Amino acid sequence: MHDVRERARGLPELLRRHRDPVVVQTLRSSAAATIAYVVALRLSPEPAPLTAPLTALLVVQVTLYATLTNGFRRVNAVVAGVLVAIAFSQLVGLTWWSLALLIVASLGVGHLVRVDEYIPEVAISAMLVLGVTTISSTAWARIVETLIGAVVGMGCNLLLPPPVWVDEAGESIEGLARRLRQLMLRMGEEASGPTPWRQAAERLHEARRLDHAIVDVDAALRQAEDSLRLNPRVREGLLHRVVLRTGLDTLEICTVVLRVLARTFTDLAKAREPEPLFASDTGAAVEQLLAQIADAVVSFAVLVTTSISESAESAEARLSAELHTAAGTRDKLAKLLRDEIRRDDRDWQLLGAVLTEVNRLIDEMNTEHRTRRLLEELDRVSGEQWVKRPRLTWLRERIGVPERLRRNRAGGAARSR
């Protein structure tokens with residue numbers, strides 16, 4: 001019975017590992033490379049057609065969008081390299097100077113055909129083909145193997161569809177919000193009593209280190225955005241991407257404002273040491289306000305990453321209530337700071353900066369501000385798509401969701417996510 005309970009507890013962990021990006025990518029890449037090699041053994045004249053599994057290994061990516069784009073670029077690179085080698089074989093043989101010219105020409109052609117990170121593959125293909133005696137058969141074999149690997153790699157995405165990484169991106173966003181919350185709570189606790197300036201400076205260093213966390217969250221979000229592109233299992237993929245991206249942008253702004261607030265606390269601690277940062281009643285109000293804003297940051301992250309309408313409505317109601325309470329505490333703090341400045345105006349600039357920065361934090365998470373920001377970003381992205389692909393955008397609007405309806409959905413998403 002004990003073993004059964006242990007297995008039941010280990011089942012969620014096993015399922016989570018099966019969705020882990022490293023595990024998923026390893027299994028899909030290994031399967032694609034093996035299948036490509038087996039197919040190439042039957043179709044390629046080469047005895048060991050390793051180009052096919054190599055291409056499949058490079059083409060199969062975590063997302064369908066990355067697989068398609070990488071597959072086309074790699075095939076383009078190999079074909080360009082083979083054509084360069086055939087042209088050189090008709091003019092010169094293989095010598096040290098012809099090899100140098102071949103590499104220069106191949107890299108130049110790679111830039112012209114815009115194969116991005118596969119530019120070295122153009123030169124590699126050209127050298128491999130030029131270095132054999134039977135150029136025609138080897139060139140054909142390399143093209144065939146590359147096509148096999150690309151087709152198998154793309155086919156694996158249809159048979160083994162890549163996951164949509166929205167949940168992982170949401171977890172990263174919520175993790176960033178919780179780190180912001182912890183820092184705000186510590187800053188609030190220290191603001192209510194005597195704080196050595198070195199201790200306040202340590203909080204400033206913590207706020208600066210949050211920049212590294214933003215980079216990690218941005219990487220997870222980019223992967224989620226790619227997984228939504230060209231994915232038939234996802235509806236309103238553009239709206240999902242914009243909601244997550246604008247949510248991260250808001251948290252990034254909150255991180256910057258918090259760093260400025262930590263700098264203000266540090267300067268205030270230097271100016272007033274060994275006295276406390278604020279008077280007792282003002283410090284208590286600062287601690288209370290930062291705690292309320294900290295809870296609102298987490299609620300905002302939950303709202304951004306929630307796709308179930310019932311949970312989103314609950315998160316929106318909780319966020320609105322927390323922001324309303326924080327606004328009331330802010331007004332109370334403004335009165336206390338005004339009274340404190342009247343008694344002693346030595347550090348009035350720093351005290352005014354504290355009020356300005358907490359007000360920016362509250363305003364940035366306002367639901368009306370977010371709705372307006374979301375619609376503006378949706379219009380911007382739609383405009384860019386129209387400029388890049390006008391015919392495709394026109395066709396999508398003709399057979400898909402009309403612009404007015406999509407904008408209404410975007411407004412609803414901002415209010416219900």
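Helices here are DSSP runs of H or I with at least four residues, numbered from the N terminus. This is a predicted model, in which local features need pLDDT of at least 70 and side-chain atom pairs count only at pLDDT 80 or more, while totals for chains, interfaces and linings use all residues. Residues are numbered from 1 along each chain as its sequence is written, and side-chain values use heavy atoms, without hydrogens and water.

After helix 5 comes arginine 114, with a positive phi near 55°.

Next, the largest nonpolar core: a set of buried Ala, Val, Leu, Ile, Met, Phe, Trp, Tyr and Cys residues joined through side-chain atoms within 4.5 Å. Of its 63 residues, Leu251, Phe265, Phe278 and Ile293 touch the most other members. Helix 11 (280-305) is among the elements giving two or more residues to this core, and gives the most, with 14 residues.

Leaving aside residues up to four places away in sequence, leucine 251 is in contact (heavy atoms within 4.5 Å) with residues including Leu180, Val297 and Phe300. Threonine 255 lies in helix 10 (residues 237-272) and counts as buried because its relative accessibility is 0%.

Note on methods: Buried means under 20% relative accessible area, exposed over 50%, partly exposed in between (1.4 Å probe, protein chains only).
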